[in-house]
Amino acid sequence: MLSDVLSGVTLAQTGFPDLMGGVTLAHYLFVSAAMFVLGLVGFVTRRNLIIMFLCTELMFQAAGIALVAFGRYHLDLDGQTFVIFVLTVAAAEAAMALALTVLLFRRRESLSADEWRELSG
Amino acid sequence: MIELSTGILNSLTLALADPAGAPVATSQGPAWAMAIPGLAILGALICTLSAIFGVKTKLPAYLTVGCLGGAFATTVALLMHFDPAGGAMEVNAWEWFAITWGDGPGQSFTAPFGFYIDTLTIYWMLFVTGLATLIALYASEYMSHDVGTGYNRFFFAFNLFVFSMACLVMGGNLVMLYLGWEGVGLCSYLLIGYFYKKDSAVQAAKKAFIVNRIGDLGLALGLYLMFVHFGTIEYAELFSNEKLLGYVDAAMAGDFAQIPLEGQIIALLLMVGAFGKSAQFPLYVWLPDAMEGPTPVSALIHAATMVTAGVYLIARMFPVFLASEWALPVVAWIGTITALLAATIGMAQFDIKRIMAYSTVSQLGYMFAGLGVLTPNGAAYHVLTHAFFKALLFLCCGAVMHGFAGQLDLRKLSGVWKMKGWLIVSIGMLVGCLNLAGLPFTAGFFSKDTIIAEAFVTPGYQVIGVILLITALMTAYYTFRVFFRVFMGPVYAEPGDDHHGAEAEAALEEEHAHAAADPAAGKQHHFHPHAPGWAINTVLAILTIASIAATGLYFVGGEKDVTTYRGEHVKTKHYAMTMVQKSSAAFVTPYDHHAFDHANHSGGAAQHADAHGVPGDDEIETGNPQVMINGVLVEAEGQSSHYVLVDGKLLAAPGAGTGPRGSISEPLSVLGTGLDPHKAMYYISGVIAMVGIGLAWFFHLAGRTTAAECRMDAVASKLGPLPRWAENKWYVDEFYNAMLRVPLIVIGHLSFWFDKLIVDGLVNAFGTAPRFIAGMIRPSQSGYLHGYAAGMLAGVAALLLVVLAILASAGGAS
């Protein structure tokens with residue numbers, strides 16, 4: 001059933017990736033999905049702000065990989081262009097996020113995300 | 001459009017005007033008549049300005065005296081100008097209410113801001129403006145302690161009162177009367193509560209206002225019903241309204257069945273209003289408390305003028321009252337009960353101002369009884385004499401109160417006559433007391449007599465006559481109780497606790513310095529009563545003379561042939577009677593109709609008919625006691641003949657049908673003694689007055705050596721609890737408190753809690769529901785970042801699953 005769905009998504013190439021064959025789009029997508037899930041699990045489970053931030057970066061890059069893979073698959077440069085933008089934004093965001101993390105650390109003398117609960121209802 | 005329909009209405013009224021009776025013709029009055037209320041409102045304006053500019057002199061008082069004096073002069077000019085032959089005069093300032101909703105009669109409501117001037121109006125305005133001027137002059141001195149503080153406020157309310165009273169009395173329709181009615185109520189409230197820092201004054205003001213509301217409700221309802229029933233509330237139209245004239249004719253014939261219930265209830269409703277304003281029995285409780293106001297106010301508003309508004313209303317609306325089977329009997333009985341009740345309370349009070357207040361209530365009761373026993377003449381004359389002598393009495397009491405630092409207890413004052421500088425006050429008090437007691441040949445004697453005698457004349461009202469005579473005895477007693485206690489006897493004065501005046505303060509300071517030099521001087525000697533100054537003395541002197549002069553009105557001003565609004569011809573005896581008979585209050589009683597001189601010999605009937613001089617009536621002048629009046633042949637026999645003389649309608653002779661008070665079966669006499677009431681009453685009530693004065697002399701002056709103790713004390717102690725009950729006003733206030741005030745307070749609290757719990761609770765429930773629901777989902781906002789992240793993850797996962805499911809089903813379908 002899942003393969004049916006994927007067949008709808010992947011448009012040109014159908015069927016499950018042949019593990020012994022060449023590197024196909026599916027391989028890239030599996031890597032991307034794995035990275036994304038790692039980042040997600042890391043984000044949910046860890047308390048350290050820096051680690052959590054790194055996890056978000058991981059998810060970003062997972063998405064980037066997927067984009068580049070699709071771009072290559074469709075022989076279209078838009079995906080790659082988009083990733084360049086994402087990287088740029090991510091770099092800027094990283095600078096800000098780290099600065100914020102430093103400030104937050106100064107406030108509480110701790111990097112734990114649980115220290116910040118002001119939104120509690 | 002509005003004017004057009006008014007025109008139609010007018011022509012309609014004219015067309016319908018009773019051809020047989022004399023339609024009330026009205027003429028255009030002089031515009032300067034408006035100066036009477038105009039000057040009063042100008043005075044109010046001046047006082048407002050002087051309050052704004054912070055005038056700290058007696059200027060507003062003198063300007064008030066000037067304005068009100070001008071109003072009085074205008075009233076006198078109006079009296080000179082007024083020609084009764086032309087009927088009432090109308091002066092309309094502007095169109096006030098003019099509402100039209102159709103073309104037919106009764107489909108438009110008009111009430112111009114205008115005045116209706118007839119003899120009754122002028123009669124009333126003469127003493128209202130005259131007394132107001134005098135009392136304003138008196139107040140200029142009396143209120144001198146308040147110069148710069150409440151002085152402007154006092155005279156503002158004073159002027160506004162005169163303006164409102166002018167609207168009430170002169171107003172050309174019931175809406176104007178209502179305006180004035182509420183206006184005087186407001187001014188009364190403002191002036192009773194003049195010392196607004198004193199709790200009792202504030203309470204009294206509220207009481208007066210609230211009790212008057214009950215009466216005003218009646219007046220308002222009467223006004224509405226009047227419009228609904230007669231289609232007009234303008235006097236000029238009302239008194240020529242053929243419906244009303246028809247009712248009066250039916251009532252005169254004793255045929256009340258012809259008059260619809262609605263038409264009869266109007267009078268009862270108006271009567272409730274009159275009871276409230278004139279402090280009659282169920283609603284009298286506010287007037288004694290109203291003495292919390294400054295004394296000039298008590299004299300002007302709560303003795304002489306405002307409280308007679310009820311009498312005015314009934315006199316003005318007399319045709320409407322005649323048309324009701326019950327209204328006038330109720331008025332008579334309530335008036336009598338009030339007179340008696342207030343007199344009993346007055347006998348036991350110790351505060352001289354309160355005694356005067358109860359005597360005012362009692363005398364108002366006389367006036368109402370007078371109206372009820374069909375003598376508006378007597379009532380109007382009593383209003384006038386009472387206005388003078390009661391104002392005089394109050395002003396004398398005020399002078400005493402002013403001079404003795406607020407002392408009003410008759411046990412603590414004595415022998416004021418012998419003190420230096422109090423002669424005019426004492427003489428004024430004596431004259432006032434003699435009038436109130438009804439000593440023969442005083443004005444009060446004649447006016448009270450007219451009412452009592454008329455009670456004996458009117459069939460079915462002898463009991464009222466007896467009660468009024470008993471009340472007269474009480475009145476003479478309590479009046480002279482005050483005089484003998486306060487003005488006669490050993491010289492003694494204990495000051496009251498009212499040292500607010502700067503003048504009194506200065507006098508005290510001086511005394512203190514004196515006392516310091518002379519340490520032997522006791523504390524009692526510190527107090528110096530200050531005798532009244534020129535303004536008070538002048539006013540008292542004028543009022544003393546006026547009270548005496550009012551007697552003269554009983555002997556002058558009678559006219560041989562006065563035409564009433566109903567076209568009857570009346571011979572009047574004195575001035576007040578003339579003024580009343582020319583107005584809408586006209587009512588012909590057998591006594592008014594003809595002097596009694598001819599009553600006791602046969603053949604008098606023909607002479608009576610002569611005296612009528614009714615033009616066009618067929619009179620059979622034979623020697624027989626038979627008279628043809630208004631086409632009805634009536635037998636007139638002996639003494640009872642004079643009942644027939646009133647056009648054969650008013651009071652019927654034996655066998656000639658029934659009059660408004662039933663048929664007459666016995667000749668006129670006092671309780672069957674065979675005495676002619678009007679002659680007998682002069683002697684009877686004269687003796688009664690002197691007995692009352694004698695009793696007061698015996699119990700309160702003879703053998704009295706101190707101010708506090710007298711022979712009455714021994715008698716009072718033998719009477720058991722009666723004196724105490726009377727002193728406590730028969731616990732009427734307590735009764736009202738328990739029966740009305742407490743239940744109202746309980747209901748008020750219940751309503752409060754109903755509002756708080758049920759109404760507010762319901763509203764608050766709508767507010768609490770969202771809070772409650774929010775409380776249930778609030779824990780999801782934990783504040784933990786991971787919580788949100790997990791939530792988001794779960795949400796996205798769920799969304800993805802849904803999308804997958806949809807896609808799967810779509811794929812499965814395709």
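The model is predicted, so local features need pLDDT of at least 70 and side-chain atom pairs count only at pLDDT 80 or more, while totals for chains, interfaces and linings use all residues. Residues are numbered from 1 along each chain as its sequence is written, and chains are lettered from A and ligands numbered from 1 in the order in which they are written.

Chain B contains 30 helices and nine strands, taken as DSSP runs numbered from the N terminus (helices: H or I, at least four residues; strands: E, at least two). Of its 814 residues, 51% are buried, meaning that 20 or more other C-beta atoms, placed from the backbone, lie within 10 Å of a residue's own.

Helix 6 of chain B (residues 174–192) reaches 26 Å from its first C-alpha to its last, close to the expected 27 Å; the expected span is 1.5 Å times one less than the number of residues. Because 16 of its 19 residues are buried, helix 6 of chain B is largely enclosed by the rest of the structure. Helix 19 of chain B (residues 443–457) spans 21 Å, close to the 21 Å expected, and is likewise largely enclosed, since 15 of its 15 residues are buried.

Phe158(B) lies in helix 5 (residues 151–170) of chain B and counts as buried, with 31 C-beta neighbours inside 10 Å. Leaving aside residues up to four places away in sequence, Phe158(B) touches Thr64(B), Ala136(B) and Ala139(B), where contact requires C-beta atoms, placed from the backbone, to lie within 7 Å.

Notes. Buried ≥ 20, exposed ≤ 12 C-beta atoms within 10 Å, placed from the backbone. Contact = placed C-beta atoms within 7 Å.
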